Amino acid sequence: MFDGYDSCSEDTSSSSSSDESEEEVAPLPSSLPIIKNNGQVYTYPDGKSGMATCEMCGMVGVRDAFYSKTKRFCSVSCSRSYSSNSKKASILARLQGKPPTKKAKVLQKQPLVAKLAAYAQYQATLQNQAKTKAAVPVEGFSWGNYINSNSFTAAPVTCFKHAPMGICWGDIAEGVRVEVPNTDCSLPTKVFWIAGIVKLAGYNALLRYEGFENDSSLDFWCNICGSDIHPVGWCATSGKPLVPPRTIQHKYTNWKAFLVKRLTGAKTLPPDFSQKVSESMQYPFKTSMRVEVVDKTHLCRTRVAVVESVIGGRLRLVYEESEDKTDDFWCHMYSPLIHHIGWSRSIGHRFKRS
């Protein structure tokens, strides 16, 4: 910008020592004062340009009036202050984890304490941003509360032959007794109690503990195919304790006789129910398998897709050309939209090559 302006990228450690050892140049007459830069063009009285800016205080003046041969500072004090601030900048660089360098940026017009405070605030901002970007746990949708609060009737699983347990769901109905964990208990160990199915909604069942009669205060929803749902008699064969809920513990003195009376003639889950659930969740499709599937942008042709995930017989298919795995869609494994590799060629159907 100005003639003879020395850049800050010079070796500060050597410049400060050399400046102090150099002799002062005789100042020019007072008719050429050092003045601040206000955007004007400075010239010598003879019309020749030759201005300089002090690298420490920012003062602008005639270049020949500046201190030392390099003409980087307007006075001895600015030269020494520049050297001192360079050392402070080196210390700050170490505090910030940066390698010290001779070309450290000078802390102009800001004390070291202010720089350290600014750095601490910067670190706190980074931590807050990291917390904001952290994954927020998403709460699952409660079908039980949704159906119960609106008095809706859900289609039974038997309506969907392709769904898990769709063929053998006839064993599940209202009034069936099961053994489930007892949550109304103060014992430190996990205990169980018998409950009856009050309402069915898909795979979910509204259960009521035996002994509550018409009291629905402790009714709860659960997945009837869950690992904690067992047929009556499972606790006896597994050595698990049956403990009545604390709310109704005072109602009967002989709970064994009460259960015998209530369970006589009642239905429960088949003994191999858990095995049937496990078998119904076995699918021939595995992740990373290739299939031919209809092109959703051109329905008259097919494309190669990769099975990304399998959930309940539903497949998430990602087109093979999709690099970021966003070009995808879901379909059931029995869907007529998917075929084995080579299907299009065998029947002469249009096919988009990878």
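Trainee: Which two strands does a hairpin join here, and through how many residues?

Mentor: Strands (E, at least two residues) are DSSP runs, numbered from the N terminus. In this structure, a hairpin joins β7 to β8 through 2 residues. This is a predicted model, in which local features need pLDDT of at least 70, side-chain atom pairs count only at pLDDT 80 or more, and totals for chains, interfaces and linings use all residues. Residues are numbered from 1 along each chain as its sequence is written, and side-chain values use heavy atoms, with hydrogens and water left out.

Trainee: Which strands pair with β7?

Mentor: Two strands pair if DSSP finds at least two bridges between them. Strand β7 runs antiparallel to β8 (residues 298–311), with 6 bridges joining them; R290 has V306 as its bridge partner in β8. Strand β7 is also joined to β11 (residues 338–339) by 2 bridges, again antiparallel, and V293 has I338 as its bridge partner there.

Trainee: Is β7 largely enclosed or exposed, and why?

Mentor: Buried means under 20% relative accessible area, exposed over 50%, and partly exposed in between (1.4 Å probe, protein chains only). Strand β7 (residues 290–295) is largely enclosed by the rest of the structure, because 5 of its 6 residues are buried.

Trainee: Where is S322 found, and is S322 buried or exposed?

Mentor: S322 is found in the loop between β9 (314–319) and β10 (328–332). With a relative accessible area of 14%, S322 is buried. The side chain of S322 reaches the backbone nitrogen of D327 at 3.2 Å.

Technical notes
Helix = DSSP H or I, 4+ residues; strand = E, 2+ residues; numbered from the N terminus. Polar contact = N/O pair within 3.5 Å; in protein donor to acceptor, adjacent residues only side chain to side chain.
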